[in-house]
Amino acid sequence: MRFIYVILINLIIFQFITFLHAQDFDFFYFAQQWNPASCDSKIKCCYPTNGKPAEDFGIHGLWPNYFNGSFPKSCNKNVRYDETQISDLISSMQKNWPTLSCPSNNGTRFWSHEWKKHGTCSLSMLDIHSYFQAALALKEKVNLLQILKNAGIQPNGGFYNLEAIKKAIEKGIGHTIGVECNIDLNGNSQLYEVYVCVDKSGSNIIDCPIIPETKRCNEIVEFAVFGSRNILDAGHAYSL
């Protein structure tokens, strides 16, 4: 009996240590995606039930990461996504953190996924309200569209030098970034996502300790606009 008791105690200690390790991380990636590029690709998109999102960068997520390039995920399945705890943030999330997944929905599924996979790994620093509030505050602080416009880089469906885009953003925020592209229906490489690095508090922008790999980006990339291709609204074709 005593032997079984010792085993149980050791198992509990091991699980606790594992839990603490999972809660630890080194910094955040704050990812913003260019909304039109989410729709101008081979993957169908749907406007959310509250309407067409702004032609702007939208929040993708606030993701804990390690200095070695790996990242924790789904750290605490017991801490569920409870929208009643962030009810005061929902209207801002609908505007700044829109979902473009199909079928058309109100965003709850997207936000729940981000909390369960990434947010629960930041519980050592942020509870659910602080987590979503931090992301919204960062979106306001890092106005990527205005930074690019100030540099003469306009979202007009034109093509721009990738390095010029990166340098404009890095000059605008004063720190290094990462960029990801996707491919449009004509096979063009287009600006899709920008990664800004943030300290563990979720509030201070820092140089990226690890620069995310620049995926699917050519030297020249498109700055897409919303079009009628591949867009669904509440399950029906949406034409602009």
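# Working chat on a predicted model

Analyst: Tyrosine 160 is buried, its relative accessible area being 16%, and this value, like the others below, is computed from a predicted model.

User: Where in the fold is tyrosine 160?

Analyst: Tyrosine 160 belongs to strand β4, which covers residues 159-161.

User: And what does tyrosine 160 touch, leaving out residues up to four places away in sequence?

Analyst: Tyrosine 160 is in contact with Gly152, Ile153 and Gln154, with Ile165, and with a further set made up of Glu219, Ile220, Val221 and Phe223. As for glutamate 222, its C-alpha atom is 6.3 Å from that of tyrosine 160, although 62 residues separate the two along the chain.

User: Let's step back to the whole chain. How many helices and strands are there?

Analyst: The protein chain has seven helices and ten strands. Of its 240 residues, 48% count as buried, and the chain exposes about 12,100 Å², of which carbon and sulfur atoms supply 55%.

User: Now the helices. At what angle do the axes of α4 and α5 cross?

Analyst: The axes of helix α4, residues 108-117, and helix α5, residues 128-141, come within 12 Å of each other and cross at roughly 110°. That angle falls in the 65 to 115 degree range, and the two helices are therefore roughly perpendicular to each other.

User: Is that crossing left-handed or right-handed, and which residues make the contact?

Analyst: The crossing of α4 and α5 is right-handed. On the α4 side the contact is made by Trp111, Glu114 and Trp115, and on the α5 side by Ile128, Tyr131 and Phe132. Sorted by class, this contact has five nonpolar residues, one charged residue and no polar ones.

User: Which residues of α4 are buried, and what covers them?

Analyst: The buried residues of α4 are Phe110, Trp111, Ser112, Glu114 and Trp115, and the elements covering them include β3 and α3 as well as α5.

User: Which residues have a positive phi although they are not glycine?

Analyst: Serine 74 is one of them, with a phi of about 45°, and arginine 216 is another, with a phi of about 55°. Serine 74 is found in the loop between β3, residues 57-65, and α3, while arginine 216 is found in the loop between β7, residues 205-206, and β8, residues 220-222.

User: Last one: where is glutamate 170, and what is it in contact with beyond four places in sequence?

Analyst: Glutamate 170 lies in helix α7, residues 162-173, and is partly exposed, with a relative accessible area of 24%. Leaving aside neighbours within four places in sequence, glutamate 170 is in contact with His175, Thr176 and Ile177. The C-alpha atoms of glutamate 170 and aspartate 207, 37 residues apart along the chain, are separated by 9.4 Å.

How values were computed: Residues numbered from 1 in each chain as written. Predicted model: local features only at pLDDT ≥ 70, side-chain atom pairs only at ≥ 80, totals over all residues. Heavy atoms only, no water. Axes fitted to C-alpha atoms, helices over the stretch in contact; angles between N-to-C directions. Helix = DSSP H or I, 4+ residues; strand = E, 2+ residues; numbered from the N terminus. Parallel < 35°, antiparallel > 145°, perpendicular 65-115°, else oblique. Left-handed = near helix turned anticlockwise from the far one by under 90°. Contact = heavy atoms within 4.5 Å. Nonpolar A, V, L, I, M, F, W, Y, C, P; charged D, E, K, R; others polar. Buried < 20%, exposed > 50% of the residue type's maximum accessible area, 1.4 Å probe, protein only. Areas by Shrake-Rupley, 256 points an atom, 1.4 Å probe, with all protein chains shown as cover.
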